[in-house]
Amino acid sequence: MPRHAKPLTEVQIRHAKPDSSPLWDGGGLHLLNRNGHFHWRLKYVRPDGRENRLALGAYPTIGLKDARALREAARRKLAAGIDPAEDRKAQRADAKRIIHDTFEHFAREWLATKSPGWAEETRRKAELCVDSYLVPTLGKLSVRNLTSADVLKVLRGMAAHSPSLTPKVAQAAQAIVRVAITEGAREDGRLLDLNLRDNLPALEKGHYPAATLPAELGKVLRLIATYPSEVTRAALFACAYTGQRPGVVVAMRWEELSNDGCEWIIPAAKMKMGNQHIVPITRQVRALLDNMHAFTGGKDYVFPPLARQKTPHLHRDALSKALREAGLRGKQTPHGLRASLRTLARERLGVLPDVLEAQLAHAKKGEVAGAYDRTRFDDERRNVMQQWADYLDDLRDETIVARARRPRERA
């Protein structure tokens, strides 16, 4: 039974000596000294008859008035047959479960588990799906109760401005829910029903906008040449000269260049197919690199970030923005420069398809081809890419607008 005591006062507490502990307020409420600091405790009898003490907080963070209010709240629970200590444990467990069961928790877990096996560009897109579209709206929702309608609302909201990314966001959401099911945070079989065909406007199918005629590509190159940012301009020309994916180009590091400066050795982790890729360095690309050396001193990334960019290197979106500002919206994208290479080098220069596919680092078609045919055409690509770079310079300078096909193309 709580001992009867004369109620405490704030003055009495402030002037209490450490050796005066405990100080009783009545009803089981008292102050204990722990290492020179007073802490509130409540002595009470559990519903099963056992004695217990409940911590109520430190003084003066919890003042006398607040401590008494906590005592009365505990008394009400005891009157209802509830042990306040056990009730507190249950509330903390619920709070922890709510945090653990959020969609964001499993989204982060999915990224952490899968990203080590992804190429850098794949990881970037997955993080974009999660951080820019899914978590801002769905992050705090319980994955246990998440519905298809919750996710479809996000997908419908982005379909108008990011239609090509919408399916990837849907795939990411489904993968995150699978993780939750595997860990027991969601019932087995409760996958999302994200039928985009029936629930979203029909997407206009197509490829990355790209110039595939000599005159068109010449105009694109001349517009790039007038872009005011030297770093962005150089990165765009590097995309055009090498035919590599924009995300890989902007993340080029000086250490990836061979000692003689003739090759760019892209690590497997950066490549979409997960294989190391060797890109020949032409005279034109070498000149671009020489200019970039003045910006970075030959350390870390070749293309440094622009002002206000958070990435350690030029952001790939800066390339898209530059082409839009140049009046090429819907006509040319940085990624589309790969299509320009694939089309014009074949049609105008007669480059063999296998050589072009090797330069673009496309996957071999078919399981057998992918497993056994790993021909890189290094020597052929070295000659072809120099020929391509010279051809681009001629187009940009309007020296030519077309070139006859080489005889071997007709073979």
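## Polar contacts of N52

A polar contact of 2.8 Å links the side chains of N52 and Y44; the term denotes a pair of N or O atoms within 3.5 Å, where within protein one must be able to donate a hydrogen and the other to accept it, and residues adjacent in sequence count only if both atoms are side-chain atoms. The N52 side chain also makes a polar contact with that of R46, at 3.4 Å. This is a predicted model, in which local features need pLDDT of at least 70 and side-chain atom pairs count only at pLDDT 80 or more, while totals for chains, interfaces and linings use all residues. Residues are numbered from 1 along each chain as its sequence is written, and side-chain values use heavy atoms, with hydrogens and water left out.

N52 belongs to strand β4 (residues 51–58); strands (E, at least two residues) and helices (H or I, at least four) are DSSP runs numbered from the N terminus. With a relative accessibility of 16%, N52 counts as buried, a class defined as under 20% relative accessible area, against over 50% for exposed and partly exposed in between (1.4 Å probe, protein chains only). Leaving aside residues up to four places away in sequence, N52 touches L42, K43, Y44, R46 and A85, contact meaning heavy atoms within 4.5 Å.

W40 is buried at 0% relative accessibility, and Y59 is buried at 16%.

W388 and Y391 form a tilted pair, 5.8 Å centre to centre with 35 degrees between the planes. These residues are three apart in helix α17 (residues 378–396), so about one helical turn separates them. W388 is buried, with a relative accessible area of 1%, and Y391 is buried at 0%.

## Packing of α10 and α13

Helix α10 (residues 230–242) packs against helix α13 (residues 316–325) at an angle of about 95 degrees, with the axes 10 Å apart. The two helices are therefore roughly perpendicular, a class covering 65 to 115 degrees, whereas angles under 35 count as roughly parallel, over 145 as roughly antiparallel and the rest as oblique. Axes are lines fitted to C-alpha atoms, for helices over the stretch in contact, and angles run from 0 to 180 degrees between N-to-C directions.

Conventions:
Rings of Phe, Tyr and Trp (its six-membered ring) pair if their centres lie within 6.5 Å; planes under 30 degrees apart count as stacked, over 60 as edge-to-face and the rest as tilted.
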